[in-house]
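Please look through the structure shown here before reading on. The paragraphs that follow move from the domains to the contact between the chains, and then to single residues and their surroundings.

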Number of protein chains: 2
Amino acid sequence: MNAGLSSGGQANIELEVRSIAERARAAAHAVVAAPAGARSLALKGIARAMRVNAQKLIDANRIDLERATAAGLDQPLVDRLKIDQRAIDRMIEGVLQVDTLPDSVGEISDLRTLPSGIQVGRMRVPLGVIGIIYESRPNVTVDAAVLCLKSGNACILRGGSECPESNRAIAACISEGLEGTGIPLDAVQLIATTDRAAVGALLKQDGLVDVIIPRGGKSLIERVMRESTIPVIKHLDGVCHVFIDDSADADMAVNVAVNSKTEKYAVCNAIETLLIHRARAAELLPRLAAEYTAAGVELRGCESSRTIVPTMNVATEEDWSAEYLGPILAVRVVEDVSAAINHINRYSSQHTDCIVTSDLSASRRFVNEVDSASVMVNVSTQFADGFEYGLGAEIGISTNKLHARGPVGLEGLTTQKFVVYGQGEVRKR
Amino acid sequence: MNAGLSSGGQANIELEVRSIAERARAAAHAVVAAPAGARSLALKGIARAMRVNAQKLIDANRIDLERATAAGLDQPLVDRLKIDQRAIDRMIEGVLQVDTLPDSVGEISDLRTLPSGIQVGRMRVPLGVIGIIYESRPNVTVDAAVLCLKSGNACILRGGSECPESNRAIAACISEGLEGTGIPLDAVQLIATTDRAAVGALLKQDGLVDVIIPRGGKSLIERVMRESTIPVIKHLDGVCHVFIDDSADADMAVNVAVNSKTEKYAVCNAIETLLIHRARAAELLPRLAAEYTAAGVELRGCESSRTIVPTMNVATEEDWSAEYLGPILAVRVVEDVSAAINHINRYSSQHTDCIVTSDLSASRRFVNEVDSASVMVNVSTQFADGFEYGLGAEIGISTNKLHARGPVGLEGLTTQKFVVYGQGEVRKR
């Protein structure tokens, strides 16, 4: 891993980012051509280097923490940056877990012989060069690097401006881990400058960088979408819903609806709007309101729901598409499953939406007709995550429809090419 | 099918395209919610309507042909626009063939029970609304419409300016075929104005249109890539290669290399550069040159190849990345399979590249390390096509790496969503 770009003006930065991207492209070919087992050796080497250099990581992190505190960053944000021995152990465990995941790179599927005599199949292959732009937490540096390496890709990492020293120290461990494995150090490169122009330069490296994955707040994602000439795997919004159908089991409905909001508030798979069938509103809304209020959640209801629970605040049109990421929940009474599906397809961010029902036909309609990355029946939306889905690890949750949709594991970092074998067949049209 | 937009200024056009896109989005939901069998009924109905209205199609087409001739269009181009009974029969046959293809929409794969008790699978679903922008040949109107319908999508078609009457007549048949099937006419809409502003307006309908597929020349594709705020499935270049390895069978090498160029010249899967291992150059280049010259192909060789066949013209650096789409071929002698792979990964458009070899290790290296949508061993590159690959039909050949790569059949017009079934599971972190 090479960490470059510590100084220089805008033109310099563009040249240096270009040079990083060119080295990454060459390295991507070297990763594919590396002997079997090289990627696994690299992951084990990175884990070992982090174990050996734990004190260096902690020392580098201390500098970032002191600077962040001096710059007046809120204490909870400073805490998120912190690397202690426990955080290092968790990162190492993560690296070793990724190493144990099945490796599908090179797998050929659907190989068939066609009438012409040619054999056609599909081979799973790395995307090539992945650019990852992320904010704050330094553990992303190693998490992203090992997912890219495991899937056979080279990567360019551009970390948050709050922890450059931590990122550099982790980068040094990655370099140490790659040493002697047959995978070039350029397979993982860190853009270490904190100059924002480096992000703009990275987003223009089409032809060298195959995909950009931004991880961070909405303003970062929107900037990346606006400026990038490279395809983006993005997570934009998480406006998620639970719909309680008229056939729902009462206890299950309350449990799922409450957990979907309150298990964690600041996560993308927390619900922002609760929909409830008119036939169950009078029975369930008071019970739900009591639970939400006890948990400290502010409720904003439609007119119908406020006739049942008048203490709710008034929901406006804006509330139906709001992503609160906090203890606020919009509540709406709907006529039936059709109205629920229509509401969701109109206002949802197509992330994760759930129906609570005991009716087969309603569940089937909801699953077929709701156009979201995860469609759930009788499950808390907070399960929408790569680990819970059995993907082993995730680089993020995509709200794209093309390529990777929903939690993105190793498969989302690969593509397929056609392989065709013959015995000299020529085509006559 | 509705054909709108016959007049009006730029602001009007933008409003009307917006309205078409909004109706398409509503129709996309209706297609998904339509009863089983509705899509098949629609395809059969379209075939029937084209059979019944054959004379109307021919009459409408005659107007386009007369206008094209009057406008001074070259006769070969005018011929490409022509619709006669034979062309109609071929279109009908195509529609009925698509109807017989397996329907994977709604298919749930990889359904597994996870340790938490939840069941997670992936369901194949339509992309939603597909915008198709194409040039010249009117048969694309029906081919694209039936592929989109079969895969459960709504589509917006924007045809070439040379055959508006033919496109409208085909559109009328599609409307007639949809009638009474449960699929709304808005599921297939034609933008009938020839004003280019309509294309620009269509490319900005993100949130309503899910993907744009341009079919046409490089300038169209480049415009779409530049202006679109919607993901694009594109075919940009076909700079394809055959590499003759030192272990190649002589007859096979000559057959494959000659067929890869000469079977058709103006197709994207024709080769533009022939690479040959130094050890076989003296033996095979004179024979290849004789065959190519007899077929009327101009050869442009590197220095080494010109010492063997001095009648070749001189290849310059530009020739290595040129897409001639005609009877010109660049020829280069390379040292070994590594040099061939490096040349291809540098100059190829990542479309289709082939090695002719009898050596297992060389074929394996080529297949693993060449980063192209189709990688072939001992087969003419002209096989790179959806029908030959057994996809049943194709909407085009994608040079994208993400989502659809290589020939794009029905699967490329779909995506997958996660479906999660539970019994009230809630998450505790």
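This is a predicted model: local features need pLDDT of at least 70, side-chain atom pairs count only at pLDDT 80 or more; totals for chains, interfaces and linings use all residues.

A:His403 counts as buried because 21 C-beta neighbours lie inside 10 Å, the cut-off for a buried residue being 20 or more.

B:Gln350, which is not a glycine, has a positive phi of about 60 degrees, and its place is in the loop between helix H13 (337–347) and strand E13 (352–356) of chain B. With 25 other C-beta atoms within 10 Å, B:Gln350 is buried.

The domain assignment gives domain 1 of chain A as 2–234 + 408–419 and domain 2 of chain A as 240–383. Between the C-alpha centres of domain 1 of chain A and domain 2 of chain A there is a distance of 37 Å.

How many residues does each chain bring to the contact between chain A and chain B? Chain B gives 58 residues and chain A gives 58 residues. On the side of chain B that touches chain A, the elements that give two or more residues are helix H1 (10–33), H10, helix H14 (360–369), strand E14 (374–379) and strand E17 (414–425) of chain B. Of these, E17(B) gives the most, with 11 residues. Sorted by class, the side of chain B that touches chain A has 24 nonpolar, 21 polar and 13 charged residues.

B:Val420 is buried, with 27 other C-beta atoms within 10 Å. Leaving aside neighbours within four places in sequence, B:Val420 is in contact with A:Ser374, A:Met376, A:Val379 and A:Phe383 in chain A, and with B:Ile118, B:Gln119 and B:Val120 in chain B. By contrast, B:Val420 and B:Asn378 are 42 residues apart in sequence and 44 Å apart in space, C-alpha to C-alpha.

H10 of chain B, which also gives residues to the side that touches chain A, has a helix partner within chain B. The axes of helix H10 (residues 250–262) of chain B and helix H11 (residues 278–295) of chain B come within 10 Å and cross at roughly 30 degrees, and the crossing in which H10(B) passes H11(B) is right-handed. On the H10(B) side the residues that meet H11(B) are B:Ala250, B:Ala253, B:Val254, B:Ala257, B:Val258, B:Lys261 and B:Thr262, and they face B:Leu284, B:Arg287, B:Leu288, B:Glu291, B:Tyr292 and B:Ala295 in H11(B). The residues of this contact divide into 9 nonpolar, 1 polar and 3 charged.

Which residues touch the most other members of the largest nonpolar core? In this core of 264 residues they are A:Ile46 and B:Ile46. Not counting residues up to four places away in sequence, B:Ile46 touches B:Val95, B:Val142, B:Val146, B:Cys173, B:Ile174 and B:Gly177. B:Ala49 has its place in helix H2 (residues 38–52) of chain B, and it is buried, with 23 C-beta neighbours inside 10 Å. Beyond neighbours within four places in sequence, B:Ala49 is in contact with B:Cys173, B:Glu176 and B:Gly177. The C-alpha atoms of B:Ala49 and B:Leu178, which are 129 residues apart along the chain, are separated by 9.6 Å.

A:Leu202, in helix H8 (residues 197–202) of chain A, is 182 residues from A:Ile20 in sequence, with 9.2 Å between their C-alpha atoms. A:Leu202 counts as buried because it has 27 C-beta neighbours inside 10 Å, and, not counting residues up to four places away in sequence, A:Leu202 touches A:Val17, A:Gly131, A:Ile156, A:Arg158 and A:Ile191. B:Asp195 lies in the loop between strand E6 (188–191) and helix H8 (197–202) of chain B, and B:Asp195 and B:Ile13 are 182 residues apart in sequence and 8.5 Å apart in space, C-alpha to C-alpha. With 18 C-beta neighbours inside 10 Å, B:Asp195 counts as partly exposed.

Methods: Residues are numbered from 1 along each chain as its sequence is written. Chains are lettered from A and ligands numbered from 1 in the order in which they are written. Axes are lines fitted to C-alpha atoms, for helices over the stretch in contact, and angles run from 0 to 180 degrees between N-to-C directions. Helices (H or I, at least four residues) and strands (E, at least two) are DSSP runs, numbered from the N terminus. A crossing is left-handed if the near helix is turned anticlockwise from the far one by less than a right angle, and right-handed if clockwise. Two residues are in contact if their C-beta atoms, placed from the backbone, lie within 7 Å. Ala, Val, Leu, Ile, Met, Phe, Trp, Tyr, Cys and Pro count as nonpolar, Asp, Glu, Lys and Arg as charged, and the others, Gly among them, as polar. Domain bounds come from an automatic or database domain assignment. A nonpolar core is a set of buried Ala, Val, Leu, Ile, Met, Phe, Trp, Tyr and Cys residues joined through C-beta atoms within 7 Å. A residue is buried if 20 or more other C-beta atoms lie within 10 Å of its own, exposed if 12 or fewer, and partly exposed in between; C-beta atoms are placed from the backbone.
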